[in-house]
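Subject: Structure handover

Hello,

Here is the structure I said I would pass on. My notes on what was found in it follow below.

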Amino acid sequence: MIFYDIFIFLLIFVAFRYIGILKIKDLGNWTFSFAYLIKVLAGIFFIFVYSVLYGRGALSADAGAFMRESRILFDVFSISPIDYLKLLTGIGESKEIIHHYLSQTNHWDVGNLTLINDSKNVLRVHSLIHFISFHRETVHMLIIAAVSLLSTKQLYLTFKKLTSLSPVLFFWILILVPSTLFWTSGILKEPFMFLGITLLLRAIIDNSMSIVRKIFFGSLGLLLSFMFKPYILFCAIPAFLFYLIFKYISRGRVMIASIGFLLIITGAFVVIPSLGKNTVTYISRKQFDFNNVGKGGIHVLSDSLYYYFTPDQNKLLRYDNGDVYLTEPTDAYVIYFGKVKRPIPVKLKPNTTPWKLAFHSVGCESYIEPTLILEDPAQMIKNIPEAFSFSILRPFPTDKGSWLKFPSFIELWLIFFLFAFSILRRRSLSFDEKNIYFSLIVFALALFLLIGWTTPVIGAIARYRFPAQLALVLAACIIVDPKKIFRHE
């Protein structure tokens with residue numbers, strides 16, 4: 001079957017050379033084909049990391065789960081094409097159908113803790129790819145790499161008029177940003193989110209497009225952004241608000257725009273108390289759950305209640321063929337899976353009726369201890385410096401984790417160096433260029449903050465923050481003056 005993989009690769013490789021709509025006129029005829037080759041090499045490295053380094057020979061973590069569970073969804077078609085279409089579209093989907101066909105999946109139903117179950121949408125897309133992939137993960141990767149390259153094309157077309165860099169140099173910078181290259185070439189949610197955001201950005205920024213194309217690109221981009229990682233779109237709201245304030249209120253004055261932006265954000269939470277309360281509750285619960293996953297621990301089921309115990313409390317538990325007994329009184333939490341409802345601290349005594357072991361996590365090697373928010377607005381504000389230190393500065397070379405932390409560390413500080421260097425070698429920006437430049441920075445800060453508040457695992461931080469890092473790279477490309485790079489002014 002490796003010949004089939006090669007056939008699909010060559011088919012797409014040649015398509016990027018000879019199909020005009022897939023190419024960019026500014027670049028050479030083979031540029032896109034070789035860019036696709038680089039995307040594929042990144043995808044092969046992704047499969048290597050998640051199969052050999054983390055998966056003991058089989059694709060693991062989210063990528064492995066998406067492949068496995070999308071195959072389960074695909075198999076529904078051979079049993080009942082009608083039920084498959086119901087699950088694929090969501091039209092006519094019922095709990096009975098889900099239970100009948102998808103009881104072996106973990107990503108189809110995640111409760112109401114997330115606004116949109118984007119994992120379900122990933123399974124839907126990959127179930128369609130199974131029709132032509134013959135269940136080979138390599139073919140899935142080849143198609144994802146093509147989607148990622150088309151997303152980079154949209155990004156290039158959106159920002160090429162905003163930078164003084166040569167078109168070829170700007171294109172290859174976008175292709176070779178390491179974190180973007182890696183995470184958007186794998187079997188994850190990120191490639192689809194990347195396509196959605198880039199289509200939306202082009203619809204908003206590219207004034208050379210017709211109204212009809214703007215509406216089409218904007219609608220499709222908005223839909224994809226909602227379907228895959230909608231929190232990225234949530235972080236784009238502050239950037240869009242800053243863009244409007246900068247353009248229509250401050251008239252290009254950065255300080256006034258910044259003050260106005262902060263006043264409006266603060267006022268919104270004061271005037272609409274439920275907005276602030278719901279935001280704090282949601283972020284706090286996300287942090288609590290992610291902290292439990294990162295730290296590890298034990299979840300047991302007692303009737304309809306789930307109790308959570310930390311790894312240190314494991315010594316207080318006795319196991320007997322799936323039954324769990326508490327041997328000494330201790331503190332624990334009542335957890336509501338799939339719900340935003342706050343975990344409740346409880347004091348437990350040794351039980352005589354057995355509890356059932358629901359979930360046992362060994363924790364993540366790159367876990368870092370956060371300060372829990374626990375639905376306290378004041379604590380969430382106090383956590384801002386810690387949040388930025390987690391998402392902007394980590395990993396440190398001394399942090400726990402695999403050797404993959406070193407490439408992440410190098411890329412992170414290289415981006416900061418390039419961003420600072422671009423300011424030292426900056427050019428004069430037009431009104432619109434300046435607005436987009438600062439809006440990109442606002443987006444990056446908003447995403448860094450959200451990730452730092454909720455994510456205490458360095459590996460996950462490195463994955464989630466790549467759009468913020470890419471935003472800083474775009475900002476550097478906008479402001480830098482190539483004429484000043486090799487001479488001092």
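S166 sits in the loop between α7 (137–159) and α8 (167–176). Helices (H or I, at least four residues) and strands (E, at least two) are DSSP runs, numbered from the N terminus. From the C-alpha atom of S166 to that of S133 is 38 Å, while 33 residues separate the two along the chain.

Two notes on how to read the rest. This is a predicted model, in which local features need pLDDT of at least 70 and side-chain atom pairs count only at pLDDT 80 or more, whereas totals for chains, interfaces and linings use all residues. Residues are numbered from 1 along each chain as its sequence is written, and side-chain values use heavy atoms, with hydrogens and water left out.

Salt bridges

Side chains of opposite charge can pair when their charged atoms come close. The structure holds 15 salt bridges, a salt bridge being a side-chain nitrogen of Lys or Arg within 4 Å of a carboxyl oxygen of Asp or Glu.

One of them joins K160 and D26, at 2.9 Å from N to O. This pair links distant parts of the chain, 134 residues apart: K160 is in the loop between α7 and α8, and D26 is in the loop between α1 (2–18) and α2. K160 is partly exposed, with a relative accessible area of 26%, and D26 is partly exposed too, at 39%.

E190 and R463 also meet in a salt bridge, at 2.9 Å from N to O. E190 belongs to helix α10 (residues 190–205) and R463 to helix α19 (residues 458–464), so the pair ties together parts that are 273 residues apart in sequence. E190 counts as buried because its relative accessibility is 1%. R463 is buried as well, with a relative accessible area of 9%.

A network of salt bridges links D62, E190, K229 and R463. K229 lies in the loop between α11 (211–227) and α12, and K229 counts as buried at 5% relative accessibility. The phi of K229 is near 55°, a positive value in a residue other than glycine.

In a further salt bridge, between D331 and K347, the closest N and O atoms are 3.0 Å apart. D331 lies in strand β5 (residues 330–335) and K347 in strand β6 (residues 344–348), so this pair ties together parts 16 residues apart in sequence. D331 is partly exposed, with a relative accessible area of 44%, whereas K347 is exposed, at 69%.

Backbone

A cis peptide bond joins R394 and P395, with omega about 10°. P395 is in the loop between α16 and α17 (405–424). F134, which is not a glycine, has a positive phi of about 55°. F134 is found in the loop between α6 (118–133) and α7.

Second largest pocket

Rolling a probe the size of a water molecule over the atoms shows where empty space is left. On a 1 Å grid over the protein atoms alone, a pocket is an open set of points where a 1.4 Å probe fits, with protein on both sides within 12 Å along at least five of seven lines; lining residues have an atom within 4 Å of a point. The second largest pocket holds about 1200 Å³ of space, the volume being the space filled by probe spheres set on the points, which are joined across faces, edges and corners.

Its lining has 33 residues, and P238, I265, F269, L449 and W453 lie nearest the centre. By class, 26 of the lining residues are nonpolar, 5 polar and 2 charged (Ala, Val, Leu, Ile, Met, Phe, Trp, Tyr, Cys and Pro count as nonpolar, Asp, Glu, Lys and Arg as charged, and the others, Gly among them, as polar). Helices that each supply at least two lining residues include α12 (230–248), α14 (273–295) and α18 (431–454). α13 gives the most, with 8 residues.

Regards

Note on methods
Buried means under 20% relative accessible area, exposed over 50%, partly exposed in between (1.4 Å probe, protein chains only).
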